[in-house]
Each structure stands twice: as C-alpha cells, then as structure tokens.
Amino acid sequence: MMVVFTVVVENCAAVSNDVVCHQFQAVQEPTITMSLKSDEVFAKIAKRLENIDPANRQVQQVYKFRITKDGKVVKNWVMDLKAVKLTESDGDAEATLIMDDEIMFAIGTGAMPAKDAMAQDKMEVEGQVELIFLLEPFIASLK
C-alpha cells in the first residue's frame with residue numbers, strides 16, 4: 001500500500017489593481033523507513049561508539065554497510081571510526097560491506113563470523129577488503 005499526500009499551495013500577487021492567484025498542486029510520497037532485524041545490531045554499534053575514547057582507539061577507518069532485503073539495498077549505514085560516529089547514510093567509505101539483513105543480524109549477534117559469511121558468499125566487500133578483519137573484534141564485542 002502506498003500513501004500519497006497532495007499539497008495545494010495558493011500563490012497570490014498584486015498585478016495592476018487586481019489580485020491574481022495561482023494554485024499549485026504537488027504530490028509528495030512519504031519516506032517510509034523499513035524496520036529491519038539488523039537495526040538492533042546498529043543500535044548496539046551506536047551504543048558501543050558512545051563508550052569509545054576518540055583519543056585512544058585502534059581502528060580509525062570508515063565503513064559502509066549496505067543492507068539488502070530480497071536482493072535490493074534497503075538501508076545504508078556509515079560507521080566512521082575516525083570521527084567515532086554512526087549515521088544512516090550513503091556516504092563515502094574505505095570499505096563497503098554488502099549483505100542481507102539476516103546475515104548482518106547473525107554477524108552482529110555472534111551467530112556467524114564475518115569470515116564465514118565471506119567464505120559462503122553471503123557478504124560482499126567493496127574497497128579495501130583487508131579492513132574488515134580490523135573490524136571483526138569490534139563487531140564481536142557487541143554480543
């Protein structure tokens with residue numbers, strides 16, 4: 001089901017001694033945020049980042065997570081360990097991890113190591129592949 005909002009805007013202006021009005025109609029589709037199982041993992045990541053001392057951290061890379069559902073990207077997260085922040089965005093990263101929502105949930109809860117997901121072709125990595133091995137201890141600490 002898709003909900004569509006119609007907004008009518010009336011713009012009036014004085015022309016000579018008359019007032020002329022024009023109506024504009026705009027259709028706006030609302031942004032629908034999908035709730036995913038992996039959202040729980042990203043909430044844990046955000047909480048974990050709150051406890052990191054920016055002056056004393058071992059990993060300082062930027063990672064993007066592209067979460068898919070039925071083969072389509074439904075959410076993008078950027079975890080910037082340089083700035084120590086997590087945002088739901090499609091920003092730049094040094095390594096991009098692409099996986100299904102269920103796989104991200106399994107990795108984030110410790111049910112599946114990231115290296116197993118890669119070996120089973122359940123996770124694709126773009127960019128600097130070696131950076132995911134730096135990330136593994138961080139993800140393991142979320143359990």
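User: In this predicted model, why does Phe 42 count as buried?

Analyst: The model is a prediction, and in it Phe 42 has a relative accessibility of 1%. Buried means under 20% relative accessible area, so Phe 42, at 1%, counts as buried.

User: What makes Phe 65 buried or exposed?

Analyst: The relative accessible area of Phe 65 is 1%, and since the limit for buried is under 20%, Phe 65 is buried. Trp 77 is buried as well, as is Phe 42.

User: How many aromatic pairs does the structure hold, and why is the pair of Phe 42 and Phe 65 called edge-to-face?

Analyst: There are two aromatic pairs in the structure. In the pair of Phe 42 and Phe 65, the ring centres lie 5.4 Å apart and the planes stand at 75°. Rings pair if their centres lie within 6.5 Å, and planes over 60 degrees apart count as edge-to-face, so the rings of Phe 42 and Phe 65 form a pair of the edge-to-face kind.

User: What makes this a link between distant parts of the chain?

Analyst: Phe 42 belongs to helix H1, which covers residues 38-50, while Phe 65 belongs to strand S3, which covers residues 62-69, and the two are 23 residues apart.

User: Why is the pair of Phe 42 and Trp 77 called stacked?

Analyst: Between Phe 42 and Trp 77 the distance is 4.7 Å centre to centre, with 10° between the planes. Because centres must lie within 6.5 Å to pair and planes under 30 degrees apart count as stacked, the pair of Phe 42 and Trp 77 is a stacked one. This pair also links distant parts of the chain, with Phe 42 in helix H1 and Trp 77 in strand S4 (residues 72-80), 35 residues apart. Through ring pairs, Phe 42, Phe 65 and Trp 77 are linked into a cluster.

User: Which elements and what share of buried residues does the protein have?

Analyst: The protein has four helices and seven strands, and 34% of its 143 residues are buried.

User: How do you know where the prediction is confident, and where confidence is lowest?

Analyst: The protein averages a pLDDT of 82, and 76% of the residues score at least 70. Confidence is highest in S3, at 97, and lowest in strand S1 (residues 5-15), at a mean of 51. Over residues 1-9 the pLDDT stays under 50, although the model has 22 contacts beyond four places in sequence for them. Where pLDDT is low, predicted coordinates should not be read in detail.

How values were computed:
Residues numbered from 1 in each chain as written. Predicted model: local features only at pLDDT ≥ 70, side-chain atom pairs only at ≥ 80, totals over all residues. Heavy atoms only, no water. Phe/Tyr/Trp six-rings, centres within 6.5 Å; stacked < 30°, edge-to-face > 60°. Buried < 20%, exposed > 50% of the residue type's maximum accessible area, 1.4 Å probe, protein only. pLDDT = per-residue confidence, 0-100. Contact = heavy atoms within 4.5 Å.
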